[in-house]
Amino acid sequence: MPNILLADDHDLVRDTIAAYLETVDGFNVLTAANLDEALERMDGLDAIDLLILDYNMPGMNGLEGLDRARKAHPACKVALMSGVANRDVANTAMARGASGFIPKSLTAASLVNAIKFVLSGERFLPFDFGAAPQEARAEGAFSKLSARELQTLEQLCIGLSNKEIARNLDIQEVTVKLHVKNLLAKLGVSNRTQAALLAKERHLF
């Protein structure tokens with residue numbers, strides 16, 4: 001069972017998110033109210049698989065808190081969560097080694113998906129934070145996908161590899177790669193994780 005440590009100085013936000021995540025099968029959630037408390041808990045008996053840090057809480061000093069956490073516990077995945085940070089902050093955090101950037105505006109289901117992506121070894125950045133504004137407009141983009149590209153996207157959403165998708169759709173793996181490349185371009189996203197998240201947020205499958 002993965003151990004998640006959620007650090008946020010707003011009691012209601014922290015406790016509400018923690019309580020929700022505890023209802024998800026397979027998550028064990030610990031909490032802290034600031035960066036120092038989070039780092040102390042990281043030194044405890046429970047091995048933490050994912051540390052989620054609120055960008056604005058005491059002790060963070062911008063992205064310095066991210067650097068401190070990663071330096072102190074290099075084996076642990078560290079993600080930032082924020083309700084106010086902009087695209088530049090998100091992209092800088094990812095460039096400095098964050099495993100994910102999680103806006104507080106995400107739906108509950110998308111939050112769970114984001115955490116699962118990170119725990120599986122993926123790096124999570126919402127499509128509208130990682131892309132330029134004109135590229136972030138995905139409305140109507142799904143209508144541009146071919147039937148085969150939609151089938152490929154559906155397979156991506158359940159986490160299948162190109163080889164597995166090729167077997168399921170009875171096509172060559174090189175063809176799957178082409179479909180993935182094309183659908184990423186049409187959706188205006190940069191990787192398969194963002195494509196799957198976007199599809200799930202739009203309740204496409």
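pLDDT is the predictor's confidence in each residue, from 0 to 100. This is a predicted model, and the mean pLDDT of its chain is 87. Five strands form an open parallel sheet, and helix H1 packs on that sheet. Helix H8 packs with helix H7, and the axis of H8 also crosses that of helix H9.

**Confidence**

- A pLDDT of 70 or more is reached by 92% of the residues of the chain.
- Strand E3 has the highest confidence in the chain, with a mean of 97, whereas helix H6 (residues 127-130) has the lowest, with a mean of 58.
- Where pLDDT is low, predicted coordinates should not be read in detail.

**Sheet**

- The strand order is E2-E1-E3-E4-E5, and the pairing is parallel.
- Strand E2 (28-32) and strand E5 (100-103) are the edge strands, each of them pairing on one side only.
- On average, neighbouring strands of the sheet are turned by 25° against each other, direction ignored.
- Strand E3 (residues 50-54) and strand E4 (residues 77-82) run parallel and are joined by five bridges.
- Isoleucine 52 has alanine 79 of E4 as its bridge partner.
- Helix H1 (residues 11-22) touches strand E1 (3-7), E2 and E4 where it packs on the sheet. The direction of H1 makes about 170° with that of E2.

**Helices H7 and H8**

- Helix H7 (residues 147-157) and helix H8 (residues 162-169) have axes 10 Å apart and pack at an angle of about 130°.
- H7 and H8 are therefore oblique to each other, and their crossing is right-handed.
- On the H7 side, the contact is made by Arg148, Gln151, Thr152, Gln155 and Leu156; H8 contributes Ile165, Asn168 and Leu169.
- By class, this contact of H7 with H8 has three nonpolar residues, four polar residues and one charged residue.

**Helices H8 and H9**

- The axes of H8 and helix H9 (residues 173-187) come within 8 Å and cross at roughly 105°.
- This angle makes H8 roughly perpendicular to H9.
- Asn162, Lys163, Ile165 and Ala166 of H8 make the contact with Glu173, Val176, Lys177 and Val180 of H9.
- The residues of this contact of H8 with H9 divide into four nonpolar, one polar and three charged.
- Ile165 of H8 takes part in the contact with H7 and in the contact with H9.

Definitions and conventions: Residues are numbered from 1 along each chain as its sequence is written. This is a predicted model: local features need pLDDT of at least 70, side-chain atom pairs count only at pLDDT 80 or more; totals for chains, interfaces and linings use all residues. Side-chain values use heavy atoms; hydrogens and water are left out. Two strands pair if DSSP finds at least two bridges between them. Helices (H or I, at least four residues) and strands (E, at least two) are DSSP runs, numbered from the N terminus. Axes are lines fitted to C-alpha atoms, for helices over the stretch in contact, and angles run from 0 to 180 degrees between N-to-C directions. Contact means heavy atoms within 4.5 Å. Angles under 35 degrees count as roughly parallel, over 145 as roughly antiparallel, 65 to 115 as roughly perpendicular and the rest as oblique. A crossing is left-handed if the near helix is turned anticlockwise from the far one by less than a right angle, and right-handed if clockwise. Ala, Val, Leu, Ile, Met, Phe, Trp, Tyr, Cys and Pro count as nonpolar, Asp, Glu, Lys and Arg as charged, and the others, Gly among them, as polar.
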